[in-house]
There are 2 protein chains.
Amino acid sequence: MTFPRIDETHDAALTCWVEGAQGHGEFPVQNLPYGVFSHGDARRRLGVAIGEWVLDLAGIADLLPVGRDLLGAATLNGLFALPAADRLALRRMLSALLCDESKRARVAEHLHPAGECTLHLPAAIGDYTDFYVGIHHAADIGKLFRPDNPLLPNYKYVPIGYHGRASSIRPSGVPVRRPCGQRKAPEAAAPTFGPSARLDYELELGVWIGPGNALGETVPIGEAADHIAGFCLLNDWSARDFQAWEYVPLGPFLAKNFQSTISPWVVTAEALAPFRQAQPPRPEGDPRPLDYLWDETDQAHGGLGVELEVFITTAAMRAAGLAPHRLSHGPASNMYWTVQQMVTHHASNGCNLAPGDLLGTGTISAPVPDGYGSLMELSQGGKVKVALPGGEERTFLEDGDEIVLRACARREGYAAIGFGECRARVEPAR
Amino acid sequence: MTFPRIDETHDAALTCWVEGAQGHGEFPVQNLPYGVFSHGDARRRLGVAIGEWVLDLAGIADLLPVGRDLLGAATLNGLFALPAADRLALRRMLSALLCDESKRARVAEHLHPAGECTLHLPAAIGDYTDFYVGIHHAADIGKLFRPDNPLLPNYKYVPIGYHGRASSIRPSGVPVRRPCGQRKAPEAAAPTFGPSARLDYELELGVWIGPGNALGETVPIGEAADHIAGFCLLNDWSARDFQAWEYVPLGPFLAKNFQSTISPWVVTAEALAPFRQAQPPRPEGDPRPLDYLWDETDQAHGGLGVELEVFITTAAMRAAGLAPHRLSHGPASNMYWTVQQMVTHHASNGCNLAPGDLLGTGTISAPVPDGYGSLMELSQGGKVKVALPGGEERTFLEDGDEIVLRACARREGYAAIGFGECRARVEPAR
């Protein structure tokens, strides 16, 4: 397993010449996440977040060790396809340019104020797969949907996943319309069709696939890290009433595919090198994963030291000028499987993963109420009201509610690496 | 509901000047399916099957009522995106050209012998969704996976579907490698990893999406036919041992996504106009579909008069010179929901469908043994051996087995409309 290493690009003492970037809480020079932006009426182009600026990569293509065709593209798919070594070389050059005062004049003209930029989906997403590796979420939801049988026998052997909808993934900021669909109360004789009454968010990490594998080939666990280009936040909006009625036997469908929201910046695997950590040991009595999923290095370094948060702002809170309310927070270490195990499992049958494919981790909940990653868990299936500032309460989302997911990697002696935000507001049903 | 109408392009008396096309059993001039082909080393281009020939559309672009940009593309996505009226205009012009002897000199030079052409995927498939509308298959499989509970309460209200893998769809002719994965015998304490011992095919129709809908919009049932560009055959290869172990609670994943095979010709909705028929009435006691899925015209004309067949040839049969053996045959009318209901349901929550998306119907089985659309059903879950010519038997597929799906629409007074073949041979696991 060859994870990106800690190198000079992570040095907390780096000095960046970009105004306001030094010590920036999310996008210091040690981060350098990639994205796709537009400025004014101009076409979509590749950028890097640095402080409160976006650096136009095509503008400095002649300074970078990557083909101009890739840097002039409107999606990151080409960059994701590069071997890990080439992605690292690009990161190093960007870091060097942004810390070298002598390059300032040449580079600074390609910086745009972030507030003037529109951020788009970073890649053309070929296939989107959602996993279910947040074990506390799986147990919480299992209890609600299947009281007798919360965590199924396969859970500790199989990184459970399913295919999601790629076409309806949208970047932060695009509103989400409350979906209509079939829902049936347990006591009702038949379902009815109408707006979801149990609209929920889910706090997830997204994983951007790098080079990938050809059909019929696999990604051995020892090589999985090479195929992970970066990470984002993912809000897997869910209509719990539709889900309960439709999901047996073939899984969630219309309960999920009306929209998913991602944060637009791709935090690279290289940027997160200092925040790799040991995967928490499996509880006593849990089986050891099968050999194809087992790698000592992955267990020792394959975890992610990332803290996650969910905030809500209701229409009434906005009107009253109240600050966003934090609904939950917790660490990504509540994943039962590493992201490398997700990749290896996905390709273990020869299924081909491609640059720009997106994997979701599934909801990451902590085993304590202030770490629950969905309202379904916070409200115990709608039975308990969640108190909000200003006297409001929620079991599920109401129109006008805005959900913001945030994530940050922190470690003593290193600059904090932020993910930016994953934000969307609920609009009324049609 | 505006289905394509029967018009002069369906006239059985049309005379086509292409050698051997007159009375062709699959691709007469009344069919005109679209595909993507290459000839020699040349790039991929759009073609139409006519008899044993492929007509290069880019070569006659100046004669056709469609933009040269669409006809010069390497996928059909652009054509699929056209309004139904434009697709019809193109069909009419092609029919006229191929029946007008005076155009022969101009058009014939763009005909290539089909045997010299390689056929590719017809479109860049954005998202692939597999439904489960073959009610006899759902009941058969339900009995095997859930003896107590074969057909679930939602089945007669919800056109059940789930997202599949787009990246691993391959055209007819590409071999399928036996996948490895986790399987657990009921009596075993733990799963093991290895080649599937219960590899199966599934007989399905594929539905190519036309213009589609924007995110947050829907496709009313009365307009659904306008968003169906055409049809193909789909073999949804399935590893039944993986499926049984992994599919609860989120549905099939690695049991299906290692490969799916489609027939490369897109039989247009227009070509099938004479073969539209009434949807069989629901059995006494079944609920009426909810309003958003209900349309009288759809019930009267939304069915498909298409006959389906599955053939197998084993390695031993090939060596002995034996003909392919027909495993099953039956009509597409064994679908509980119409393809229009599938489209409308899929978009009912605002999920955006796009040109080139592919829907599978799910396995279409007849309620009699010689109509079962999978070995899982023919062998009753592996318990009964299926006899083959030459003394062989099968419960599931063995290496070297080749499966061919075929379909044909027939009706007195009309030319037969064939789908071509959906063929693939099983290769040993890695």
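The pLDDT is the predictor's confidence in each residue, from 0 to 100. The structure described here is a predicted model. For chain A, the mean pLDDT is 97. A value of 70 or more is reached by 100% of the residues of chain A. Confidence was also compared by element. Helix α5 of chain A, residues 135-145, has the lowest mean pLDDT among the elements, at 90. The highest, 99, belongs to strand β16 of chain A, residues 260-262.

Chain A contains ten helices and 26 strands. The C-alpha trace of chain A spans about 70 × 55 × 40 Å along its principal axes.

Contacts in chain A were then examined by sequence separation. Of those between residues at least 6 apart in sequence, 75% join residues at least 24 apart. Burial accounts for 61% of the 430 residues of chain A. Helix α9 of chain A, residues 339-347, is a case in point: nine of its nine residues are buried, so the helix is largely enclosed by the rest of the structure. Among these buried residues are A:Gln340, A:Gln341, A:His345 and A:His346. A:Val339, A:Met342 and A:Val343 are also included.

Chain A exposes about 14,800 Å². Carbon and sulfur atoms supply 53% of that area. Chain A carries 37 positive and 50 negative charges.

Conventions. Residues numbered from 1 in each chain as written. Chains lettered and ligands numbered in written order. Predicted model: local features only at pLDDT ≥ 70, side-chain atom pairs only at ≥ 80, totals over all residues. Heavy atoms only, no water. Helix = DSSP H or I, 4+ residues; strand = E, 2+ residues; numbered from the N terminus. Buried < 20%, exposed > 50% of the residue type's maximum accessible area, 1.4 Å probe, protein only. Contact = heavy atoms within 4.5 Å. Areas by Shrake-Rupley, 256 points an atom, 1.4 Å probe, with all protein chains shown as cover. Lys, Arg positive; Asp, Glu negative; His and termini not counted. Charge placed at Lys NZ, Arg CZ, Asp CG, Glu CD.
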